[in-house]
Amino acid sequence: MTLQELRAMREQGQKAMDRRVGGDKSIEIIVGMGTCGIAAGAKEALNAFVDELNSKDIRNVVIKQVGCMGFCHSEPTVEIKMAGMPDIIYGNVDAEVARKIVHSHILEKKLVDKHVFDRPARDILKQTTGKEK
Amino acid sequence: MGDFLADLFQNGVEAGAQKVTVVLDQDERSFTMTVTDNGKGMDEAELVRAQDPFYTDGIKHRHRKVGLGLPFVIQTIRMTQGRFQISSRKGEGTTVTAAFNLEHWDTPPLGDLPATLSQLLALGGGHEVVVVRHLTGPKGRGSYEANRSELLEVLGNLEDLESLTLLREYFRDAEKNLTEEVK
């Protein structure tokens, strides 16, 4: 594939996006890609999000990679930000859980309860609050 | 092996590099990744400490006692009779070479290289990335090269789903052509 062909595919995709209703309400998926995340399978989780979102024809998504979010004990961790749902951090997100998040959180607007994490590891909390919780 | 590559690459970006060059050279016996960055670099003492699993610079998390990126790579290379080399100059940058022995049972698999490369290029920031891929097979040696700035210009951004998907397809196609050329 040449760069010209890639450009043509991109332009075609963007025209299709422009025709969609509500395409401006984007969903943000933030994947922790520190050493801990990568070692726990964050690359596979990110890949699974890409595949599953494409298969469900959900296009208005931005996928950001960030370093360690302080949840090393529950990697891979993924934060989802979208309209109509609270910002949620999910932990232990393997490829299967990534698919569940697409189905349940993004499409049905229901939390994937068993994977919701609300606080970082104890040593990280210590540094931000000054005491362990 | 893609995990190690992602980790080495991130080290380069997090060292404040304006340019990270990734050279991947593979033949039937070995897969060598060389990651060169022009970031802040390390002096000799820091270079030794960076290879210690119980050391971290404490910038990301102040109380953390471990830094496992390089130690994971070194441990795997030692276990599988590969070759690891790191050189750095303070203020100039760092070069890490990890040569994996493909003939050893315990060498981890390469994984989905196009997905890994697309993720490396999509990592946010204003840095340039140059990927140079060489593959040697029965029919000879072939190569391809990709630049982040060029792909960014073509795709507009590298973080939306469609860009990531196209980027992955771009590398899948490049890998397919390369394999056909040399095997």
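Trainee: What is the order of the 5 strands in the open sheet of chain A?

Mentor: The model is a predicted one, and the description below should be read accordingly. In chain A, the strands of the open sheet follow the order β2-β1-β3-β4-β5, and their pairing is mixed. At the two edges stand β2 (61-66) and β5 (116-117) of chain A, each of which pairs on one side only.

Strand β1 of chain A, residues 27-32, runs parallel to β2(A), and 6 bridges connect the two. Within this pair, A:Glu28 has A:Val62 of β2(A) as its bridge partner. In general, the strands of a sheet pair through backbone hydrogen bonds, in either the parallel or the antiparallel sense.

Two helices of chain A lie across this sheet. Helix α4 (residues 95-107) of chain A lies across β1, β3 and β4 (88-90), running at about 155° to β4(A).

The loops on either side of β2(A) hold two backbone features that deserve attention. As background, most residues other than glycine have a negative phi, and most peptide bonds are trans. A:Asp57, in the loop between α3 and β2 of chain A, has a positive phi, near 60°, although this residue is not a glycine. A:Asp57 has 8 other C-beta atoms within 10 Å and is therefore exposed. In the loop between β2 and β3 of chain A lies A:Pro76. The peptide bond that joins A:Glu75 to A:Pro76 is cis, with omega at about -10°.

In total, 30 residues of chain A are in contact with 35 residues of chain B. On the side of chain A that touches chain B, two or more residues come from each of α1 (3-19), α2 (35-40), α3, β2 and α5 (122-129) of chain A. By class, this side of chain A comprises 15 nonpolar, 8 polar and 7 charged residues.

Chain B may now be set beside this picture. Its secondary structure amounts to 6 helices and 6 strands, arranged from the N terminus as α-β-β-α-α-β-β-α-β-β-α-α. For 183 residues a compact globule would have a radius of gyration near 16 Å, and the 17 Å of chain B agrees with that. The C-alpha trace of chain B spans about 45 × 40 × 25 Å along its principal axes, and 38% of its 183 residues count as buried. Of the contacts in chain B between residues at least 6 apart in sequence, 62% join residues at least 24 apart.

The 6 strands of chain B form an open sheet of mixed pairing, in the order β3-β4-β2-β1-β5-β6. Here β3 (83-89) and β6 are the edge strands, each pairing on one side only. On average, neighbouring strands of this sheet are turned by 10° against each other, direction ignored. Strand β1 (residues 19-26) of chain B pairs in the parallel sense with β5(B) over 8 bridges, and B:Leu24 stands opposite B:Arg133 of β5(B).

Two helices pack on the sheet of chain B, and each touches β5 and β6 of chain B. The direction of α5(B) makes about 60° with that of β6(B), whereas helix α6 (residues 161-182) of chain B makes about 165° with β6(B). The strands concerned, β5 (residues 128-137) and β6 (residues 140-147) of chain B, pair in the antiparallel sense over 8 bridges, and a hairpin through 2 residues joins them. In this pair, B:Val132 stands opposite B:Glu145.

In helix α5 (residues 148-155) of chain B, the buried residues are B:Arg148, B:Leu151, B:Val154 and B:Leu155. Seen down the axis of α5(B), these buried residues fall within an arc of 130°, so they line one face of the helix. Just after α5(B), B:Gly156 adopts a positive phi of about 90°.

Chain B also contains a positive phi outside glycine. B:Gln81, which lies in the loop between α3 (69-79) and β3 of chain B, has a phi of about 55°. This residue, B:Gln81, counts as exposed because 12 C-beta neighbours lie inside 10 Å, and a residue with 12 or fewer is classed as exposed.

Note on methods
Residues are numbered from 1 along each chain as its sequence is written. Chains are lettered from A and ligands numbered from 1 in the order in which they are written. This is a predicted model: local features need pLDDT of at least 70, side-chain atom pairs count only at pLDDT 80 or more; totals for chains, interfaces and linings use all residues. Two strands pair if DSSP finds at least two bridges between them. Helices (H or I, at least four residues) and strands (E, at least two) are DSSP runs, numbered from the N terminus. A residue is buried if 20 or more other C-beta atoms lie within 10 Å of its own, exposed if 12 or fewer, and partly exposed in between; C-beta atoms are placed from the backbone. The arc is that of the directions from the helix axis to the C-beta atoms. Two residues are in contact if their C-beta atoms, placed from the backbone, lie within 7 Å. Axes are lines fitted to C-alpha atoms, for helices over the stretch in contact, and angles run from 0 to 180 degrees between N-to-C directions. Ala, Val, Leu, Ile, Met, Phe, Trp, Tyr, Cys and Pro count as nonpolar, Asp, Glu, Lys and Arg as charged, and the others, Gly among them, as polar. The radius of gyration is taken over C-alpha atoms; the globule rule is 2.2 Å times the number of residues to the power 0.38.
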